[in-house]
Amino acid sequence: MTNTPASLLQRLREQPTPDDWERFDAQYRPFLQRLLQSRGIQTAEVEDLVQEVLTTWVAEVRKFERKRDGSLRAWLATVARHRFLTLVRDRKRWPQQGDLEKFFDQIANPEADLSRFWNREHDDTVLQATLARIRPDFEPTTWRAFEMVCVQGMKPAQAAKE
């Protein structure tokens, strides 16, 4: 399982730079968006929820303590659930409210399939954000070789031929 680097969390708590916030946003915004959209939440509501979750994170980051692997994901899931329920209450509508409450409850249960999905989505998002961030540091042929071997599973000798 991929975790948010402790060094990034420490910087966000103490003296964050714009790059630190951008890195965190690049990792978690798409993750939260995909997850909420997968549950049928409309794009406008997804954007509202994600913005509220990330705004809450900015306000609360100094209080956050990593207690175990995955505690940030669990915290984000809890905030997303509370923000969603507040949005439903404030707008006094949401046809699938019961289903979505169950959705957030399942994310909180580490044994649930949905919780495992949440963790896989997180890992994929972190990996993609990391790859996008480091790609400019490599020559195109070097990057292509990396993709062929590490992403596509090609044998190194075959990648070298191509």
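1. A word on terms before we start: a residue is called buried under 20% relative accessible area, exposed over 50%, and partly exposed in between, using a 1.4 Å probe and protein chains only. By that scale D25 is partly exposed, at 27%.

2. Some background on what you are looking at. The model is predicted, so local features need pLDDT of at least 70 and side-chain atom pairs count only at pLDDT 80 or more, while totals for chains, interfaces and linings use all residues. Residues are numbered from 1 along each chain as its sequence is written, and side-chain values use heavy atoms, with hydrogens and water left out.

3. Side chains of opposite charge can pair when their charged atoms come close. A salt bridge here is a side-chain nitrogen of Lys or Arg within 4 Å of a carboxyl oxygen of Asp or Glu. Searching the whole structure turns up 3 salt bridges.

4. Have a look at R11 and D20, whose side chains form a salt bridge with N to O at 2.9 Å.

5. Helices are DSSP runs of H or I with at least four residues, numbered from the N terminus.

6. Finally, R144 and E147 make a salt bridge whose closest N and O atoms are 3.8 Å apart. The two sit in helix α7 (residues 140-151), 3 residues apart, or about one turn. E147 is partly exposed at 23% relative accessibility, and R144 is partly exposed at 37%.
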